[in-house]
Amino acid sequence: MFNNDHKLATVSAVLPSRAASQVVEQVTHGQDTHALIWQARGTLLHDHWLKRWLPPISPAKKMLQMVVPNSQVDELVNLVVDVGKLNYQATGAVFSTPHDHAYLGSEFHVWPGEELAQPSNHRLSNSLVALYCIVPHNMSDKVSKAAINAGAHGPVVYYCEGRGLRDRLGWLRITKEHEKEVLMVICEEAEVEDIFDAMAKAGELHLPGRGFMFRLNVDKGMFNLPSRVAHHHYDASMQQMITAIDHLQGHTHWRDQSVFSIGGHGKASGIVTRQPDSELQDQTCLTAIVKRSDMQQLVDMLLDQGAPGLSFNFARFTEEQHDEHSLKINDEYALVRSITTSELAARICQLIERDAEGVGLRDFCLLSNDVQRVATYIPGRIDYRNQQDVA
């Protein structure tokens with residue numbers, strides 16, 4: 001059942017392969033602890049004007065994800081920062097996302113709930129936002145460049161597949177491209193609107209079938225992800241200099257270059273005020289973690305209850321078996337995600353809570369989060385590209 005007393009959060013990390021292995025060794029050393037791991041890549045643009053026409057560089061990364069009690073978040077985030085050396089430039093990112101509700105199957109692996117509060121040794125930001133943009137794989141470079149040019153780090157990209165209505169309509173499945181890519185961007189709240197708009201425009205998300213983007217608030221975290229390969233005229237890159245100024249100032253407000261209209265003509269520096277939002281409202285993100293062998297059964301349940309579409313990727317589940325052999329246990333799980341209305345999400349959760357055990361689904365969890373903003377094709381709505389900033 002939903003357990004509002006046992007609040008859960010997801011701690012996510014982006015790390016190079018070697019650092020990820022070291023973090024996993026530390027994370028899974030405890031009793032009943034585990035991690036989900038999958039492959040990803042970063043994005044780096046060439047800063048030198050002669051090389052800007054070259055394709056982006058895609059350094060290999062690994063994504064880690066751990067579903068933990070809220071009481072464990074600080075300790076786990078600090079461990080990832082320490083072991084992964086995330087306080088150094090261009091190393092990676094870690095952030096936590098608290099969940100509004102969580103349904104845990106009777107056999108789902110749950111972290112120990114003891115409170116191990118430790119004071120943070122690092123300066124973690126409490127004003128971060130996570131953007132997730134799901135686009136066809138041939139659009140990811142274009143959207144990544146737009147995000148970087150709008151001030152974001154190089155997006156972290158990983159593959160996913162999609163499911164929806166056409167998957168259940170026989171031969172019509174041939175009209176749909178299943179393979180997609182997820183672009184994940186972590187940014188400060190002060191920068192998120194410009195980055196969101198730039199990515200949505202570059203991905204042409206106002207057109208049908210082009211993709212889907214949404215933002216989730218982050219509880220706390222740190223990111224040191226690169227965006228460009230600099231031309232070495234100077235000892236430090238522009239990104240390093242900006243980070244240093246952030247550290248000296250203690251905030252990012254000095255970066256604000258936004259403007260607002262003060263009448264029929266003329267502009268002055270200040271805060272952007274946007275026209276009423278023409279995008280989807282009152283949305284919820286449902287995330288399910290389930291064994292790959294049980295995934296299709298859960299997908300069918302979600303689609304039967306009206307989920308408008310699903311994206312999923314596969315991850316390796318690893319934990320240490322604490323016996324005389326101390327072996328690593330590896331299994332494959334699916335991470336299934338759907339964005340739908342809050343009303344429908346609540347109904348889906350109630351029905352799955354009621355029926356999952358009856359159909360043999362026990363080793364899975366279902367997590368929900370409010371979605372702050374969505375960009376996608378909406379029939380009959382205003383063209384996304386034509387939105388203008390007004391006073």
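Me: Is Asp74 buried, partly exposed or exposed?

Reply: The model before us is a predicted one. Burial is read from the relative accessible area, where under 20% means buried and over 50% means exposed. Asp74 has a value of 29% and is therefore partly exposed.

Me: With which residue does Asp74 form a salt bridge?

Reply: A salt bridge is assigned when a side-chain nitrogen of Lys or Arg lies within 4 Å of a carboxyl oxygen of Asp or Glu. Asp74 is paired with Lys220, and their closest N and O atoms are 2.6 Å apart. Asp74 belongs to helix H2 (residues 73-84) and Lys220 to strand S11 (residues 220-224), so this pair ties together parts that are 146 residues apart in sequence. Lys220 is buried, its relative accessible area being 18%.

Me: How many salt bridges does the structure hold?

Reply: There are 11 salt bridges in the structure. One of them joins Glu161 and Arg163, with an N to O distance of 3.8 Å. Here Glu161 is partly exposed at 30%, whereas Arg163 counts as buried at 19%. Another joins Arg362 and Glu357 at 3.3 Å, N to O. In that pair Arg362 is partly exposed, with 32% relative accessibility, and Glu357 is partly exposed as well, with 28%.

Me: Which residues are linked in a network of salt bridges?

Reply: The network links Glu193, Asp197, Arg215 and Arg373.

Me: Let us turn to helices. Which residues of helix H1 are buried?

Reply: An α-helix has 3.6 residues a turn, so residues three or four places apart point the same way. In helix H1, which spans residues 17-27, the buried residues are Ala19, Ala20, Val23, Val24 and Val27. Viewed down the axis of H1, these buried residues fall within an arc of 135°, and they therefore line one face of the helix.

Me: Which residues gather in a patch of negative charge on the surface?

Reply: Such a patch is built from residues that take part in no salt bridge, with like charges joined within 9 Å. In this model, Asp100, Asp282, Glu343 and Asp370 form a surface patch of negative charge.

Me: Where is the place of Asp100?

Reply: Asp100 sits in the loop between strand S5 (92-98) and strand S6 (101-104). Its relative accessibility is 30%, so Asp100 counts as partly exposed.

Definitions and conventions: Residues numbered from 1 in each chain as written. Predicted model: local features only at pLDDT ≥ 70, side-chain atom pairs only at ≥ 80, totals over all residues. Heavy atoms only, no water. Helix = DSSP H or I, 4+ residues; strand = E, 2+ residues; numbered from the N terminus. Buried < 20%, exposed > 50% of the residue type's maximum accessible area, 1.4 Å probe, protein only. Arc of directions from axis to C-beta. Patch = residues over 30% accessible without salt bridge, like charges linked within 9 Å, V, L, I, M, F, W, Y side chains within 5 Å. Areas by Shrake-Rupley, 256 points an atom, 1.4 Å probe, with all protein chains shown as cover. Lys, Arg positive; Asp, Glu negative; His and termini not counted. Charge placed at Lys NZ, Arg CZ, Asp CG, Glu CD.
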